[in-house]
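Subject: A structure for you to explore

Hi there,

Here is the structure I promised to pass on to you. Have a look at it first, and then read my notes below with the viewer open.

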Amino acid sequence: QVQFVESGGGSVQSGQSLTLSCVDSGSRFNIYIMAWYRQSAGKQRELVARIRPNGVADYEEFVKGRFTVSRDNAKNTMYLEMNSLKPEDTAVYFCNRFGYNVPWGQGTQVTVAS
């Protein structure tokens with residue numbers, strides 16, 4: 001069964017940076033569009049960014065210019081570099097294959113203090 005393991009979260013001050021990692025335990029990672037999502041307390045999970053197998057990425061407006069998604073297909077790993085963090089970025093961050101109904105991992109908590 002495919003599993004996702006997210007890591008790299010933590011507590012930072014506003015304006016600081018973090019880089020998250022996501023390891024996909026399944027096979028053929030290199031054929032999937034991968035995505036980062038986040039869920040804040042009391043809110044629904046929302047899409048943050050997606051990256052195609054060839055590395056082309058797109059971002060939701062609220063992170064454009066601040067976050068960068070990348071992937072290493074040889075390592076079945078996706079990354080999310082988060083810069084200029086804001087308190088509203090506080091959430092649990094998850095990864096998944098975009099458009100597939102794959103069970104979610106545990107996520108990694110990001111907390112940004114003002």
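Ser84 has a relative accessibility of 40%, so this residue counts as partly exposed: the value falls between the 20% limit for buried residues and the 50% limit for exposed ones. Please keep in mind that this is a predicted model. You will find Ser84 in the loop that connects strand 8 and strand 9 (91–97). Its backbone is worth a look too, as the phi angle of Ser84 is positive, near 50°, and Ser84 is a residue other than glycine.

Is Asn83 buried or exposed, or something in between? With a relative accessible area of 25%, Asn83 is partly exposed. Which residues does Asn83 touch, once neighbours within four places in sequence are set aside? The contacts are Gln16, Ser17, Arg66 and Phe67. Try the distance from Asn83 to Thr68 as well: 15 residues separate the two in sequence, and their C-alpha atoms are 8.4 Å apart in space.

Now for the strands around this loop. Strand 8 (residues 77–82) pairs with strand 3 (residues 18–24) in an antiparallel arrangement, with six bridges joining them.

Strand 7 and strand 8 form a hairpin, with four residues between the strands. Which residue in this hairpin takes a positive phi? That is Asn76, with a value near 50°. Asn76 belongs to the loop between strand 7 and strand 8, and, being a residue other than glycine, Asn76 is another case of a positive phi to note.

Elsewhere in the chain, I picked out Leu47, which is part of strand 5 (residues 46–51). Leaving out residues up to four places away in sequence, Leu47 touches Ala35, Trp36, Tyr37, Glu60, Phe62 and Phe98. Take Phe98 from that list: Leu47 and Phe98 are 51 residues apart in sequence, yet 9.5 Å apart in space from C-alpha to C-alpha.

Finally, zoom out to the whole protein chain. How many helices and strands does the chain have? There are zero helices and ten strands. The radius of gyration is 13 Å, close to the 13 Å from the globule rule for 114 residues, so the chain is as compact as a globular protein of that length. Along the principal axes, the C-alpha atoms fill a box of roughly 40 × 25 × 20 Å.

A few totals complete the picture. Of the 114 residues, 39% are buried. Among contacts between residues at least 6 apart in sequence, 52% join residues at least 24 apart. The protein chain exposes about 6100 Å², of which carbon and sulfur atoms supply 45%. As for charges, there are 12 positive and 10 negative ones, and their mean positions lie 4 Å apart.

Enjoy exploring, and send me any questions you have.

Best wishes

Notes:
Residues are numbered from 1 along each chain as its sequence is written. This is a predicted model: local features need pLDDT of at least 70, side-chain atom pairs count only at pLDDT 80 or more; totals for chains, interfaces and linings use all residues. Side-chain values use heavy atoms; hydrogens and water are left out. Helices (H or I, at least four residues) and strands (E, at least two) are DSSP runs, numbered from the N terminus. The radius of gyration is taken over C-alpha atoms; the globule rule is 2.2 Å times the number of residues to the power 0.38. Buried means under 20% relative accessible area, exposed over 50%, partly exposed in between (1.4 Å probe, protein chains only). Contact means heavy atoms within 4.5 Å. Accessible areas come from the Shrake-Rupley method with a 1.4 Å probe; for residues, only the protein chains shown count as cover. Lys and Arg count as positive and Asp and Glu as negative; His and the chain ends are not counted. The place of a charge is taken as NZ of Lys, CZ of Arg, CG of Asp or CD of Glu. Two strands pair if DSSP finds at least two bridges between them.
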